[in-house]
Amino acid sequence: MDCPELAERSVPQRPLKAALRLEASVAPNYRLMIGVCALAVIGLSFAVAVLAKFLISSFEVIETKEMRQKTAQILQALDADLRQLHVSNRDYAEWDDSVSYLDTRNPAYISANFTRETLAGMRVDVVWMIDKDGNDVYSTYFDRHKGQVVSPAPRQLLDPLVRFNRSRDFATQGNRKPTQLIVSTVAGPAAVAVQEIKRTDGEAPTGATLIFMRFIADEEMERVRQTSQMPLTMRYLRGPEDRSKLPSAVQSWLASDESADDAFVWASDPTSINAFLLLRNMDGNPIALLSTTAGRDTYALGFRTTAYLLGFILALTVASGALVVWFVLRLRRSFAARYAAEQRYRVIGEQLEEDVVLLDARSLHIIDANKTVLSALECTPEELANHGVQEIFPEIDPDRLAQVARRKRRIVAESRVRRAGGNWVEAEVAVTIAEINGEHVLALVAHDVSHRREAERREREHRRKLMRVTQQDTLTALPNRLFLNRRLPAVMRRLSGSRKLLALIALDLDDFKSINDSRGHPCGDQVLQIIARRLQAAVAAQDVVARTGGDEFIVVASLMPDVVSIEQLAERLQATVAAPVVIGDDPLQVTASIGIAIFPNDGSEADLLLKRAEIAVSHAKSAGKRCFRLFSAEMGQMANEQAGLEQALRQAAARREILMHYQPIVDIPTGRIVSLEALMRWQHPTQGLIAPARFIPIAERTGLIVELGEHALRLVLQQVRNWLDAKVPLVPVAVNVSPLQLERVDFSALVFRLAQEARVELRWLRFEITESAVLQESGRLRETLAALRAKGAQILIDDFGTGYSSLSYLNQLPIDVLKIDRAFIRDLSEEKPASPIVTAVIDMAKRLKLATVAEGIETPEQAAQLLELGCTLGQGYLYSKPVAAAAIRAMLQELRCEAPLTQTVLIRALGQSRSESTAERLLARASAAG
């Protein structure tokens, strides 16, 4: 580190006049350098110009070579295209059938081999067969444009081929390339293939000649373009008038001896270059000119490269000259500015608030210090020698300073620093070593970090507060799931190996949504706060209560002696929750379902223990709520099965595993079928037919019921359409609708669209909704149901009597039928009268002018009691269980919608769609039910 103060003491300063004298001595050199640079620039510019011309010429040569290679490629492509003509000619000439034709002149040979399709496939335009005496045997001409075969061929097309009749040198002609056997015709240049006719084995030459000719026209040029991947045009040189249309450079080339090369490259402009290829006839005379064009990319690249190179060299030269000039000018100014710079540095050092101290690297004595240090020590610069570095930086060890001097490496140490008035501040001290006039000096610079340390301390405190906030539930002030996820593993590690058990108790408040819906969310929040305080009061001091969701709590009981104690705690927690909660003047009854997982019995990982506690909660809810369940292996297995079913159910509709069965609804007095209920079934590929009780709850919980419901509606509409097309005496079909469908989609619009696609009127449909759907927002539900009824559909409330809906909805909603749940029908018998609920529902439906359907009728006695009470419609195994569509079709056709549904009719209908053994089992079951 340079230190201007020390330099001023040890190095004598040059006077200003000496600096000016040095400037004068440098000035002549400066002018000489400028002149040398100018000459160098001129010479370099000339050299670059010569080099540029050479480089551009080299690129032009490369460009010409590339174009010549392209002409060679075109010639090779044309030669390859014409070679097939020679192959076809050879195949026909060296063929026993051709030799036989010379003897027999059998027309079958001609009709089989020289048809329009054959000539088009070989791309042969003229065929001429001549015997050994030069007489015509056969000739034909294939007109490509008209697709006609003319035999014999016109004489003007055969005249160019007479020379091949006179010359019998087949070996010489066969050694030529296809592009060397070209003749001029009235239709343009044409390629010729000539072979002597002989047998396949090459024996018994006939002396006869077989000539194939192909015109080189647009089709041939297109094939050559595709093969060579280059643009290509051909000009037929019939006379001077054709040559006069060519560019003057090409005319000059054709007229000169250079045309013997058959290839000519000509750059017509700076952007394009042309290549010409001369085709000659067998006499060596020009017959056609092929030309191709390409962009001058190589030339452009060379031109740009040369320009860039020239510009770079010139710029480098100018920059170098400018750098030399700048360097000289810099030298002129540096001597005069050095003294002023040293003075500025000293002023700056004096104004710094940092403590700056210079030490002798060997003795560690203070050499110099800035004004801040002098003020702290309350001394003058002359008195610095009487003070030591420890008085300024008490935590800086002299051994560390000696180590820096030896290793010559910078360090940063922490130390207190003295300030004016005897105060001390925290600082970071940077210790570096520098060399001044051959002497090593240690420079110590102290930076006050007391404010930064205070800021860091406040930031750490803020982080701790933020951590507490993020791990605390804002409503109940309980720890949240984040806190639980962080602390639970540590608690489990502490208990590992001990005899104590850890109980993870999950609580879900039962039907808490009804409190929010009926009393409002503020009331629900107060309930949660009260329950939270109660749970905290009910557990031990070391236990933790956390809120992990809306109405979900977790209790971590970490020092439980046995399972019995855990069960007692669960009962105490249930009793605590079940105590009446008074909000305002009305007491509320709140219950909880509890699931318990025990460490280490039910798992050794926190996530697994939480998951198993939640599984136990779900089993507690399934058991009727307001109870607790300990996790068991059977629960885990059941949960895995449920997860597997859920994954399979997501693909069931796409795999066509969802089926629809139909159960008749009959008129009890007459036994006549009045409607059908469509029921969803799942045909699993490995587990067989899965009952709806297993997969419908999964679909409801995961939201898949919306997709499955739409799929079921499509299947029913398609089945109704099929029945209508088959003239089946149809009755309306009822489709079950989930509350989620009514909530998440515009259900009426969906029904209208699907019905229109299936071409089914809505008078053939009925829609069954559950009582839970009635609890939804009544305005939207009323509009949906009214829109469906306006199109002819009927609305049924399913499982009526099991829910909690208000009876006022029955008078407000547009509904037609109430279906009495099977739970109320099951107990009907001769000995036991109907329950008051059944009697009340039937009587209420009559007053509201609604029809009633009793579900689950299994005996004639039940049907008789319901009919006596006034319920005229029934559904159940007494009449028929849900069956496939084929059985329903047979049943409807058998009954014609008028006859009663008796056992005989049922068995006869089912027998049309099933085996006899199945029908017999159904008959036996029906007899047992009777």
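Two strands are taken to pair if DSSP finds at least two bridges between them. Helices (H or I, at least four residues) and strands (E, at least two) are DSSP runs, numbered from the N terminus. The structure is a predicted model, in which local features need pLDDT of at least 70 and side-chain atom pairs count only at pLDDT 80 or more, while totals for chains, interfaces and linings use all residues. Residues are numbered from 1 along each chain as its sequence is written, and side-chain values use heavy atoms, with hydrogens and water left out.

The protein contains 35 helices and 31 strands. Of its 930 residues, 45% are buried (under 20% relative accessible area, with exposed meaning over 50% and partly exposed in between; 1.4 Å probe, protein chains only). Contact means heavy atoms within 4.5 Å. Among contacts with a separation of 6 or more, 62% are between residues 24 or more positions apart.

Ser88 belongs to helix α2 (residues 16–93). This serine is buried, its relative accessible area being 6%. When neighbours within four places in sequence are left aside, Ser88 is in contact with Met122 and Phe212.

Four strands form an open sheet with antiparallel pairing, in the order β7-β10-β9-β8. Strands β7 (233–236) and β8 (263–269) each have a single partner strand, so one side of each edge strand is left without a neighbour in the sheet. On average, neighbouring strands of this sheet are turned by 25° against each other, direction ignored. Axes here are lines fitted to C-alpha atoms, for helices over the stretch in contact, and angles run from 0 to 180 degrees between N-to-C directions. Nine bridges join β9 (residues 272–280) to β10 (residues 286–295) in the antiparallel sense, and Ala275 stands opposite Thr292 in β10. Helix α11 (residues 248–255) packs on the sheet, where it touches β8, β9 and β10, and its direction makes about 160° with that of β8.

A five-stranded open sheet has mixed pairing and the order β17-β18-β16-β21-β22. Its edge strands, β17 (544–547) and β22 (628–630), each pair on one side only. From one strand to the next, the twist averages 20°. Strand β21 (residues 592–599) pairs with β22 in the parallel sense over three bridges, and Phe628 in β22 is the bridge partner of Ile594. Helix α20 (residues 563–578) packs on this sheet and touches β16 (501–509), β18 (552–560), β21 and β22; the direction of α20 makes about 155° with that of β21.

Pro685 lies in the loop between β24 (673–684) and β25 (688–690). With a relative accessible area of 60%, Pro685 is exposed. Its C-alpha atom is 9.8 Å from that of Ala648, a residue 37 positions away along the chain.

A pocket is, on a 1 Å grid over the protein atoms alone, an open set of points where a 1.4 Å probe fits, with protein on both sides within 12 Å along at least five of seven lines; lining residues have an atom within 4 Å of a point. The second largest pocket has a volume of about 1100 Å³, a volume being the space filled by probe spheres set on the points, which are joined across faces, edges and corners. Of the 40 residues that line this pocket, Glu677, Leu679, Arg681, Pro692 and Arg822 are the closest to its centre. Elements that give two or more residues to the lining include β23 (658–667), β24 and α23 (692–702). By class, the lining has 16 nonpolar residues (Ala, Val, Leu, Ile, Met, Phe, Trp, Tyr, Cys and Pro), 13 charged residues (Asp, Glu, Lys and Arg) and 11 polar residues (the others, Gly among them).
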